[in-house]
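Please look over the sequence and the model below before reading on.

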Amino acid sequence: MDIILKIIAIAIITSIASLIVKSVRNDFAIMIAITGGIVILVMVLSYLTGIFDTMKEIVNMSGISSSLYTLILKIVGIGYLIEFTAGLCSDTGNSGLGDKVLLGGKIIILIMALPIVTNIMQIIMELLPK
């Protein structure tokens with residue numbers, strides 16, 4: 001709970017500082033917003049090791065292939081990076097570019113998810129009576 005309060009505080013301070021500076025120097029306001037976003041991202045990254053350990057335990061208990069586990073983590077990572085990048089584009093006034101980044105990310109995620117869908121279909125076909 002402590003980390004979320006820190007994230008909220010940094011976001012509010014960054015937003016207010018960006019608004020104040022924007023009237024004087026628009027380019028500095030953009031840098032403030034980007035820096036605040038990166039600080040928040042770095043704070044959150046420290047929690048990833050716990051997530052990875054828990055996911056490994058789930059994979060070991062369920063018997064899911066480790067390659068599927070890796071693929072799922074890559075898809076989630078790409079989703080977060082694409083969302084963060086699109087947000088940065090929007091913050092800098094390039095919402096059109098951000099929309100294109102989101103579209104590209106969704107297409108990449110769809111392509112990467114195809115082996116998972118194929119694996120699920122194989123499992124379903126094995127369960128169906130012949």
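In which helix is G105 found? G105 is found in helix α5, where helices (H or I, at least four residues) and strands (E, at least two) are DSSP runs, numbered from the N terminus. This is a predicted model, in which local features need pLDDT of at least 70 and side-chain atom pairs count only at pLDDT 80 or more, while totals for chains, interfaces and linings use all residues. Residues are numbered from 1 along each chain as its sequence is written, and side-chain values use heavy atoms, with hydrogens and water left out. G105 has a relative accessible area of 2% and is therefore buried, a term that stands for under 20% relative accessible area, with exposed meaning over 50% and partly exposed in between (1.4 Å probe, protein chains only). Between the C-alpha atoms of G105 and N119, which are 14 residues apart along the chain, the separation is 22 Å.

Seen as a whole, the protein chain has five helices and zero strands, and from the N terminus on its elements run α-α-α-α-α. Along the principal axes, its C-alpha atoms fill a box of roughly 70 × 35 × 20 Å. The radius of gyration of the protein chain is 20 Å, whereas a compact globule of 130 residues would have one near 14 Å; this radius is taken over C-alpha atoms, and the globule rule is 2.2 Å times the number of residues to the power 0.38. Buried residues make up 18% of the 130 residues. Of the contacts (heavy atoms within 4.5 Å) between residues at least 6 apart in sequence, 52% join residues at least 24 apart.

Two of the helices can be checked against an expected span, which is 1.5 Å times one less than the number of residues. For α3, the 15 residues should span 21 Å, and the end C-alpha atoms are 21 Å apart, which agrees; just after α3, G63 takes a positive phi of about 80°. For helix α4 (residues 66–91), the 26 residues should span 38 Å, and the end C-alpha atoms lie 37 Å apart, which agrees. Just after α4, G93 takes a positive phi of about 90°.

Which residues of α4 are buried? They are L68, Y69, L71, I75, I82, A86 and C89, and the buried residues of α4 pack against α3 (48–62) and α5 (95–127). An α-helix has 3.6 residues a turn, so residues three or four places apart point the same way.

T14 is found in helix α1 and, with a relative accessible area of 14%, is buried; not counting residues up to four places away in sequence, T14 touches I32, A33 and G36. S18 also lies in helix α1, and at 15% relative accessibility S18 counts as buried. Leaving aside neighbours within four places in sequence, S18 is in contact with A29, I32 and A33. In helix α2 lies I30, which is partly exposed, with a relative accessible area of 23%. The C-alpha atoms of I30 and L102, 72 residues apart along the chain, are separated by 20 Å.

The pockets complete the picture. On a 1 Å grid over the protein atoms alone, a pocket is an open set of points where a 1.4 Å probe fits, with protein on both sides within 12 Å along at least five of seven lines, and lining residues have an atom within 4 Å of a point. Grid points are joined across faces, edges and corners, and a volume is the space filled by probe spheres set on the points.

About 710 Å³ of space lies in the largest pocket. Of the 26 residues that line the largest pocket, L41, V44, L45, Y80 and L81 are the closest to its centre. The elements giving two or more residues to this lining are α1 (2–22), α2 (26–45), α3 and α4, and the largest share, 11 residues, comes from α4. By class, this lining has 19 nonpolar, five polar and two charged residues, where Ala, Val, Leu, Ile, Met, Phe, Trp, Tyr, Cys and Pro count as nonpolar, Asp, Glu, Lys and Arg as charged, and the others, Gly among them, as polar.

The second largest pocket has a volume of about 210 Å³. It is lined by 13 residues, of which S18, K22, A29, A33 and D91 lie nearest its centre. Two or more residues of this lining come from each of α1, α2 and α4, and α1 gives the most, with five residues. The lining of the second largest pocket divides into four nonpolar, seven polar and two charged residues.
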